[in-house]
Structure formats: C-alpha cells, structure tokens
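Okay, everyone, let's get going.

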Amino acid sequence: MRTSINKWAIYSLGDHAIVFALSAQIDPAILHTITALRQFIESKKIKGVLDLIPSYHTLTLVFDISPFLQNIDNSTEYMKNFGEELIISFEKEKNQIHDPVNEIIKVPVCYDPIFALDINTLSDEKQISIATIIELHCAPIYQVYSIGFLPGFTYMGTVNAQIQTPRHAKPRNAVPAGSVGIAGPQTGIYPSESPGGWKIIGKTPWVIFDPAPSKLSRFKVGDQIQFYPITTLEFDKLNEYK
Amino acid sequence: MAIKIIKKGIADSLQDQGRYGYQHQGIQPNGCMDYLSAWLGNAIVQNDLHHPIIELHFPAAQIQFTTNHTICITGANFVPVLNEKSIPMNTPIQVNAMDRLTMLQPLEGKTCYVAIKGDFEKPQWLDSQSFNGKRFEKEEQILILDQSDQINPNFKFNPLVIEKVHHFLFNNHDPIRIIPGPAWQDLTEDSIHHLLNAPYSITPQANRMGFQLAGPALSLTSPNNYLSSAVTRGTIQLLPNGELIVLMADHQTIGGYANLGQIILVDLPRFAQIKTEHLIKFSLTKLATAHNLYQEMYAQFKH
C-alpha cells in the first residue's frame, strides 16, 4: 500500500505498520509536523494501535492486525483510506492542536578528558583547541530527532561542521552511561553503559533513562536541548548516578 | 510453588506477547520468537494465549519442579525427557514435585516452549514479563502462583489445529513471504533477482535480536544514506557490505540501514524455527494475503 496526499507519503511497512513520511531531510520544521501528527493520532485512541514512533521525517504506526483490521474485507483499500483520512483531518485540525511550549532544556556536560575519552584526539586531528570544541558543541540548540539504539538514546542535531567526525571504526566495548558523543552531524548521550562507536567528548551527570515507569526517557523526540560546560567539581555535585 | 533452573541454558527466558507502547522512547518490544508455538502451549494448558511462557534455546536449561503442575511443551523438538522418561509434545503433562525436565537433542526447530498452568510471580515492567537480554541463571527460582486454577479435564484443544500448526512450522518448505519495504526500489535488478531466487541460510550469528543471512550479497543502485526510522520485527536490513539481517523479537526500535522489506507476521514463527543447515527462499506476497493468513491462523486459537 502506497499513496500520497499533500506533501505526505503514506505506505505500509510489512503487514503491521504504516509510515507517514515527509521529505527526507534533517529539518526542525519537518520534525515539528511529525511530532504534532503523533500527538494528533494518539489523541484519537484508535483501536489496535500499539506504537507511534517518530524519527526525523517519519511517523510509524505499529498495529495489532486482529483488532485493527477487525471485520475489514479489503485491508489494502482500508489502510489507504485510513491513512489519507487521518492526514486530511490532521491538516484541517493541526492549527488547533495544543502545541506544548517547548522550552530549551539546558543539559550540564563535563568536558574534562577524564570523561571526554576522545576530546584530545579530536583536538589534535582538527587542530582546534579543546576550549573551542566545547564552545562549538555548546553553541547550537539541538533538536531530538529520534530515540532508539538503546532505551532513551537521543539522536540530536546538528553538530557544527568544524567538529563533525566519523564514528570509531571499531566500537568501544563499554561506553559509560551519561557519555556525550558525536558522530557525523549528530550528537547524543549514552543512557546506559553499552558498546558504542561515537566519539566521546564529555559526560553529563544527569540520568537520561530511568526504568521507573513514571520516569523512563528524560527526553522525547522534538525536545530542544542545549549543553553547557561544567567542571569536575560541579559534576560531582550534580551527579545523579551516585 | 516454583520451578528451579538446575542447569543454565544458552539463552532461556520468560516471554509473553512483548511490550508495546514504548518504542518511541527506544524501548524494545521483546516477546516470544515463535508466538504460534507459545499460543499453542498456552491454549493446551488453558492459559490465556498471551500468557508468559518459558522459551528455551538449545542447549536448554534443565528445570526442576517443586510442586505439581500441568505443563505442555511446544515448538522445537529438543527431545524432552521428564526424569529419565521421554514425554510427548503438544499435549498436557502432569508433573510432580522434584521432577526434572531435560532437553536432550535439537531434533527439529530452534525455539522450544514450556507452558505452565498458572501465573508466574516475576517482576513485571511496563505491562510485560519479557525483559530485554534477561536470561535464566543457574539456581534461579521462578515462583508460580495460582495453584487452584486447575485445567478442565473435559476440554481438549483441537488436535487438527495442533497438527496444522506443527505442519506449518516444520514440514513446510514454501518460501518465506515478504512485502517490499521503502528501500526495495533502490536495489539493483540483479539483487532483486538474487533475493527472490537464490537460496539463503541463517548463519550461526542468530539471536533474539536478529538473524544474519548467508547467500548472495546484494547492492543498491547508488550509495544511499537513509535517515533512521522505525523498524519492526521481520524487517530485512541490507548492511553496507551487502549482507542481510532480519530483525527479530529483541530488535532495536529504529534503524538507519536500507530497509528492504518485511517478513509477514504469520511467517515469522516459521522463519524463527529454521535451522542453520536449511536453505530458505523468499517470495513476494500481497498485503491483503498477509492479513488474511494471519487472521485465519489467529481465528483457530480463539474459542
């Protein structure tokens, strides 16, 4: 099943998911529309919908076949109409959707080389002082474009071109929780200790993923985040991993 | 009332239908690899279809029961023995205190289920007892509540359905059916030809996260950078080196590799049971066919 309406492409992903896609770009305005669509569909409480997963320019609706397609004869036709009607009503109502004020979340990061495992190498490679790397990494307001890889792992962009760097060819076996990494145009925080290939340039004292059901992921797709540098002393004071 | 892990297996765990509603936070769904065998086991011991069930891979854990239970073994045939005696599969079995369940040999399939009548006293997180990467440890005790809930001796699960499900899972060499995904159109003509004609097999690099395939390498018409988007169980990803990975129950929630297509839900249990030495072929199917096949399968389990 594939159809399009206005600037949206709507297509089935296998037999139990539907994707709503805008043009494939890293663009805050596109992301904003995707998160608004997520909110819109969520408010409809549609029977059989299991998950609504936003990421960059797509929203993927995962469904449980049996309740979602109950008493439907022509499922392909049904899904096409379902997708088109959803987008039409979204486009009509989207101006009335309550848009939560997205405050910029200021996240502390300690860039001391005891945490910033790759910052010295990056400084040498790029011929940029550590102070400038910190300044360049802290200047932008990043968007959370996607969450995945691990529970709560945020993919944020866009990193200043001067400090963009590829992943390690061979991932580290264990990157500590809270580590702040960069990979190409993206920056992210490891929510838990895991293997990982991103270049580590700092560490936040904040817990990014808490399994307590009322907490879970500290950030959500669509959040705006800005980092600010802290000393090791301040890190100890703010450390939530104690 | 409990079962106890006497000997640890390679990757055994308690699984249910999985955890949905949290994938936007990066939380994996988990759940049974072969949900059909899990439904079957639960139906035979008169549990709810989506009831948590013990999932075993070979070499499997050895389990001791501390009280009487009704159990049923479904899925892969690992030659189950209770104490020293061989026991049948797909049928309710009464076990007594101190009985030991051992799996001798991986005769058929890859994933075996032990359904037990009663509720498991296990931590639950976000509405599921499946935990990502959690394995049974030696000496682990899994408490079982609810002994009063005995099975109705007059009820017998339809033997024709048992036979049909078994045949569908194990005696069936039909291609694994797929629906093309967003990156299908980016495959070269040769690659599409290979994928739909050449035999593939599952390498030993196969776990609950995903199965790596062996077979002709595939390529895209031009190198393509995809923005990461959501993936589902059954998603076939093309790695930059031309290899294929099929995502399974513990898959991560988003992926940035070329998304070639999805194995249809009804064929996933069959795919999950295919052993390394067997060859697989893939064929394309239609969305409506996939839905009808799933609905027909599901209908057989609803009373």
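Predicted model: local features only at pLDDT ≥ 70, side-chain atom pairs only at ≥ 80, totals over all residues.

Residues are numbered from 1 along each chain as its sequence is written, and chains are lettered from A and ligands numbered from 1 in the order in which they are written.

So which residues of α3(A) are buried? They are S75(A), M79(A), K80(A), F82(A), G83(A), L86(A), I87(A) and F90(A). Those cover an arc of only 160° around the axis, so they sit on the same side of α3(A); the arc is taken over the directions from the helix axis to the C-beta atoms. Remember that an α-helix has 3.6 residues a turn, so residues three or four places apart point the same way.

And what do the buried residues of α3(A) pack against? In chain A, that's β1 (2–5), β2 (8–12), β3 (17–21) and α1, together with α5 (287–299) of chain B. Contact here means C-beta atoms, placed from the backbone, within 7 Å. Helices (H or I, at least four residues) and strands (E, at least two) are DSSP runs, numbered from the N terminus.

**Domains in chain A**

Chain A splits into domain 1 (2–96) and domain 2 (104–238), with bounds from an automatic or database domain assignment. Their C-alpha centres lie 31 Å apart. Eight residues of domain 1 of chain A are in contact with seven of domain 2 of chain A. On the domain 1 side, α1(A) gives the most, with four residues.

**Over to chain B**

Here we've got an open sheet of seven strands, ordered β7-β6-β9-β4-β1-β12-β11 (chain B), with antiparallel pairing; two strands pair if DSSP finds at least two bridges between them. β7 (85–86) and β11 (120–121) of chain B are at the edges with a single partner strand each, so one side of each has no neighbour in the sheet. Further in, four bridges join β1 (residues 2–7) of chain B to β4 (residues 62–65) of chain B, and I3(B) stands opposite F65(B) in β4(B).

Methods:
Contact = placed C-beta atoms within 7 Å. Buried ≥ 20, exposed ≤ 12 C-beta atoms within 10 Å, placed from the backbone.
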